[in-house]
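Visitor: Pick one part of this protein and walk me through it slowly, please. I'd like to know what its residues pair with, and then what else is worth looking at elsewhere in the chain.

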Amino acid sequence: MQISIQIFFLLTLFIAMSHPVNGQHEINYSEEDVPAFQLPQLLQLENGKTVSSEEDWIRTRRPEILKMYKEHVYGHNPEVQIEITAQLIEEGISKAFTNTRRKQVRLKFENQGRKSEALLLIFLPLQSKSVPIFVGYNFYGNHTTCDDNEIILTSAWIPNKPEFGIRENKATEESRGVRSHRWSVQKIIDSGFGLATMYYGDIDPDRNHFDDGIHPLFYKKGQEKPGDNEWASIGAWAWGLSTALDYLETDEALDHDRVIVMGHSRLGKTSLWAGALDERFAIVISNNSGCGGSALFRRKYGETIRAINSNFPHWFNSNFKKFNDREDLLPIDQHMLIALQAPRPVYITSASEDLWADPRGEYLSCYHASDVYHLFGRKGIENSVFPEVNTPIQNDIGYHRRKGKHDVTDYDWQQFIAFAKIHLD
Ligand code: GTR
């Protein structure tokens, strides 16, 4: 008896160790262990008919896919209208760069006595009209994106990062410029583009709370958190990008038809979702976005649905948790999210060492999305063979796999600028 209890205990321990909880279990990094899978049909309507024209796609298939994403993954954005005001609160020549103008705008959100606000930082070439502009979120506050001392510190909650001088969840002077390597501001300006950035936590702090940020402004009476099929954090961040775009469209210096949304990692998932919801974004760029971004869920390589839902339960809607370990039951996969950008140019990147994000899965999504681009007479990713590192493809679907780690580098910006120049000129 004693022995069998011991064996039972050991067996339980063994099972627990091979299936650790908290989303870290069964992470696969071997191509050989990628399961055989079938992707949901991109070009088959729910009634079984095949999509064969642009019209079929625009009128029927695209709305079908968008609805599935809202229902099962990122959530429906609420239909409530809130009050939004924008105020230009600072303007000047930036001493951190040459030939660069800076503007700072406070966006204020209000509904039924609840308030929240965000700071939008804009850099523009000094002498210019009709400037195309990149817009994207930053992770630690606008002041971390460069060494410009005039940038106003956010008052929103920030995750602590002692090595950046961020303690007690507050922006500090010490953290100015700590993320400047990720923002090639001078290069962007010298190439004739503007850059607008906003701290994503100004819209919704990245923590598993739904009583802060923008969500509570949209609640019905008595509501305390979003419903199972409603937006979570990625949905809110995507909404914030559209709100920033509403403001940019009022700025006469900008070309409103050439606004490019760019995001990295969780914010690259967000840029794809923002581009799917809001077709005013002329180009969509998603850098190293991995699981829930550009990577195919069904490959189960690197981060999985269970892992992401365990570590970040607030990113996707509650319905999405039903697909933990059940990827095959999802009615969508991420080639469809990329296809939702069509026919606009979309650029996806991977980093060679960023296996958690599944670089090959990110590439294959682009490849499988291409049929929709073909409907519009555009060129997607035409070859399923994984390209070498640092060999960008600049078709209407663009892609590169940069050598190195999960990050945004000057090399990435060089390709984004080149891509924008090819497709927007
Ligand atoms: C990781 C997460 C990824 C990615 C990344 C990031 O921890 O698992 O999906 O979003 O964070 O945003 O930096």
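**A loop and its charged partners**

Guide: Let's start at Asp-278, which is buried, with a relative accessible area of 8%. Buried here means under 20% relative accessible area, exposed means over 50%, and partly exposed is in between, using a 1.4 Å probe and protein chains only. Bear in mind that this is a predicted model: local features need a pLDDT of at least 70, side-chain atom pairs count only at pLDDT 80 or more, and totals for chains, interfaces and linings use all residues. Residues are numbered from 1 along each chain as its sequence is written, and side-chain values use heavy atoms, with hydrogens and water left out.

Asp-278 has a salt bridge to Arg-280, with the closest N and O atoms 2.7 Å apart. The term covers a side-chain nitrogen of Lys or Arg within 4 Å of a carboxyl oxygen of Asp or Glu. Arg-280 itself is partly exposed, at 28% relative accessible area.

Arg-280 also forms a salt bridge with Asp-246, and here the closest N and O atoms are 2.8 Å apart. That pair links distant parts of the chain, since Asp-246 is in helix α5 and Arg-280 in the loop between α6 and β7, 34 residues apart. Helices (H or I, at least four residues) and strands (E, at least two) are DSSP runs, numbered from the N terminus. Asp-246 is partly exposed, with 37% relative accessible area.

Now look at Glu-279, which pairs with Arg-62 in a salt bridge whose closest N and O atoms are 3.5 Å apart. Arg-62 lies in helix α2 (residues 54-74) and Glu-279 in the loop between α6 (266-277) and β7 (283-287), so the pair ties together parts that are 217 residues apart in sequence.

Stepping back, the whole structure has 24 salt bridges. Elsewhere, Glu-31, Arg-299, Asp-358 and Arg-360 are linked in a network of them.

Next, the nonpolar side of the story. The largest nonpolar core has 89 residues, and those with the most contacts inside it are Trp-57, Tyr-69, Ile-203, Ile-214 and Leu-248. A core here is a set of buried Ala, Val, Leu, Ile, Met, Phe, Trp, Tyr and Cys residues joined through side-chain atoms within 4.5 Å. Leaving out residues up to four places away in sequence, Leu-248 touches Leu-120, Ile-122, Ile-133, Val-135, Ala-196, Leu-254, His-256 and Val-259; contact means heavy atoms within 4.5 Å. Apart from this core lies another, of 25 residues, among them Phe-97, Val-185, Ile-188 and Leu-424.

Then there's the ligand. The residues around it are Ser-265, Arg-266, Lys-269, Glu-303, Ile-308, Phe-312, Trp-315, Trp-356 and His-406, each with a heavy atom within 4 Å of it. For polar contacts, the cut-off is a pair of N or O atoms within 3.5 Å; within protein, one must be able to donate a hydrogen and the other to accept it, and residues adjacent in sequence count only if both atoms are side-chain atoms. An oxygen atom of the ligand is 2.6 Å from an N or O atom in the side chain of Glu-303, and one is 2.8 Å from such an atom in the side chain of Trp-356. His-406 has a polar side-chain atom 3.5 Å from a ligand oxygen. Taken alone the ligand exposes 310 Å², and the protein buries 80% of that.

One last stop is Tyr-373, in helix α9 (residues 359-375). Its relative accessibility is 0%, so Tyr-373 counts as buried. A polar atom of its side chain lies 3.3 Å from the backbone nitrogen of Ala-342. Among the other residues that Tyr-373 touches are Ile-338, Pro-343, Arg-378 and Asp-396.

Technical notes. Areas by Shrake-Rupley, 256 points an atom, 1.4 Å probe, with all protein chains shown as cover.
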